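Have a look at the picture, then read through the points in order.

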Amino acid sequence: MASTITGVSVGLGLSCSTTRKLNQKRNPSSSRLSFCSIKMAVSVEEEKKKKSFTLEKSEEAFSAAKEMMPGGVNSPVRAFKSVGGQPIVFDSVKGSHMRDVDGNDYIDYVGSWGPAIIGHADDEVLAALSETMKKGTSFGAPCLLENVLAEMVIKAVPSIEMVRFVNSGTEACMGVLRLARAYTGREKIIKFEGCYHGHADPFLVKAGSGVATLGLPDSPGVPKAATYETLTAPYNDIAAVEKLFENNKGEICGIILEPVVGNAGFIPPKPEFINAIRRITEENNALLIFDEVMTGFRLSYGGAQEYFGITPDLTTLGKIIGGGLPVGAYGGRREIMEMVAPAGPMYQAGTLSGNPLAMTAGIHTLKRLQKPGSYEYLDKITSELVQGIIDAGKKTGHAICGGYIRGMFGFFFTEGPVYNFADAKKSDTAKFARFYQGMLREGVYFAPSQFEAGFTSLAHTAEDIQKTIAAAESVLRQI
Ligand SMILES: Cc1ncc(COP(=O)(O)O)c(C=O)c1O
């Protein structure tokens with residue numbers, strides 16, 4: 001569906017000129033009106049909140065954490081290395097909001113890095129989990145809930161005829177690479193610069209945000225042999241992909257990519273790019289793998305592949321299908337999936353895989369997403385948010401560009417356009433850090449890195465969005 005893709009890249013507002021087009025689509029007078037009335041109503045309360053903003057308890061907890069856990073965290077990007085200051089330690093989450101241990105409240109655009117698409121701690125999901133829990137938390141044996149979620153995933157995602165559940169996106173990508181190699185009998189894989197496919201050795205080459213944020217080109221401890229067969233190309237660069245196939249004839253098992261990049265900031269594919277990689281993989285008898293750990297059930301119910309109308313051979317999922325519990329999955333055509341043990345010889349296993357709690361949270365999250373209007377709502381609020389921030393940036397004299405698709409968005413402090421990781425790195429990251437710290441004080445929690453996508457949810461309200469835009473304008477005036 002080339003027309004869909006063309007529509008997307010035009011509507012994304014990734015370059016500054018395209019943002020003007022988005023602007024024309026909105027009704028400026030009505031949004032300005034609601035913006036003003038909300039601003040007046042909340043200003044007194046907001047002023048009080050800003051004065052009382054303190055992170056004393058967070059600081060105390062993080063100092064203790066640093067003594068016990070490397071860097072004080074259990075996943076590097078949480079450590080605020082690229083935005084300065086120290087991480088906020090949280091106490092609870094609900095809907096679109098998070099509350100820290102000092103009692104500060106934030107509108108959240110991280111959504112636990114993607115899973116919280118219907119909002120945090122949804123009442124129906126919590127009720128279903130407590131029912132499931134009464135029957136036990138892990139069977140280590142087949143359970144009916146696995147069938148239910150498997151059926152939902154197979155029905156939803158165009159490329160998936162069979163699925164294997166695992167416990168994280170990293171595991172899903174590890175499994176899918178082994179499968180692609182087993183099925184084709186070839187070892188080389190193409191990945192794109194700035195795309196992250198979890199932290200398994202073969203993928204830790206030019207791997208986007210986490211590594212970029214720490215300024216590490218690669219990770220020590222990854223043996224050369226593990227990445228020897230990993231070939232890389234710039235995102236959106238068809239000629240580079242063609243060259244790799246030419247130079248490695250008959251040796252490449254497939255291409256893996258984020259169909260919309262979220263781990264180098266938000267970068268959508270050019271329509272011609274995503275069409276070309278499908279064609280090139282077919283011409284070379286190689287597999288096309290969409291890593292939809294982030295985009296699955298976020299860009300549409302059938303993921304990026306449904307949104308763009310391109311069917312890959314294999315797909316990885318995670319985040320949303322676990323509804324906030326640890327999960328991952330890989331799936332694809334039946335003849336390929338039947339290579340996986342015990343149906344076939346490719347070994348992959350997991351103690352907690354398919355456990356009833358993760359299955360339950362996933363099932364109820366997907367059920368909510370099936371309700372009519374879910375993706376239209378995400379589209380509407382995210383468009384308003386991104387356009388509002390870009391407008392605020394321009395009004396206050398900053399170079400800024402950004403884009404969104406449904407519930408996924410991002411913006412960079414550069415004129416743009418941004419087509420790949422090298423373009424993304426032109427963003428003024430020092431300015432992003434100042435913006436980030438200002439937004440925290442205003443009660444808005446973005447991902448603590450310029451190179452991460454943001455996420456909205458069904459729980460975000462028009463008021464959340466307008467408050468965020470007002471906060472952004474105020475911060476952008478000061479930095
Ligand atoms: C596209 C993509 N693939 C894989 C992963 C790894 O998933 P996990 O963190 O669950 O291991 C991530 C994590 O953010 C991701 O965004």
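1. Three nonpolar, six polar and three charged residues make up the shell around the ligand. In that count Ala, Val, Leu, Ile, Met, Phe, Trp, Tyr, Cys and Pro are nonpolar, Asp, Glu, Lys and Arg are charged, and the others, Gly among them, are polar. Among the residues around the ligand are Ser 168, Thr 170, Tyr 196, His 197, Glu 258 and Asp 291, where a residue is near if one of its heavy atoms lies within 4 Å.

2. Before going on: this is a predicted model, with local features needing pLDDT of at least 70 and side-chain atom pairs counting only at pLDDT 80 or more, while totals for chains, interfaces and linings use all residues. Residues are numbered from 1 along each chain as its sequence is written, and side-chain values use heavy atoms, leaving out hydrogens and water.

3. Now the polar contacts (pairs of N or O atoms within 3.5 Å). A side-chain N or O atom of Lys 319 sits 2.8 Å from a ligand oxygen, and for the side chain of Asn 263 the distance to a ligand oxygen is 3.0 Å. Gly 169 uses a backbone N or O atom, 2.8 Å from an oxygen of the ligand. On its own the ligand has 390 Å² of accessible area, and the protein covers 82% of that (Shrake-Rupley method, 1.4 Å probe).

4. Elsewhere, look at helices α6 (residues 144-156) and α14 (residues 356-370): their axes come within 9 Å and cross at roughly 35°. Axes here are lines fitted to C-alpha atoms over the stretch in contact, with angles from 0 to 180 degrees between N-to-C directions; helices are DSSP runs (H or I, at least four residues).

Definitions and conventions
Helices (H or I, at least four residues) and strands (E, at least two) are DSSP runs, numbered from the N terminus. A polar contact is a pair of N or O atoms within 3.5 Å; within protein, one must be able to donate a hydrogen and the other to accept it, and residues adjacent in sequence count only if both atoms are side-chain atoms.
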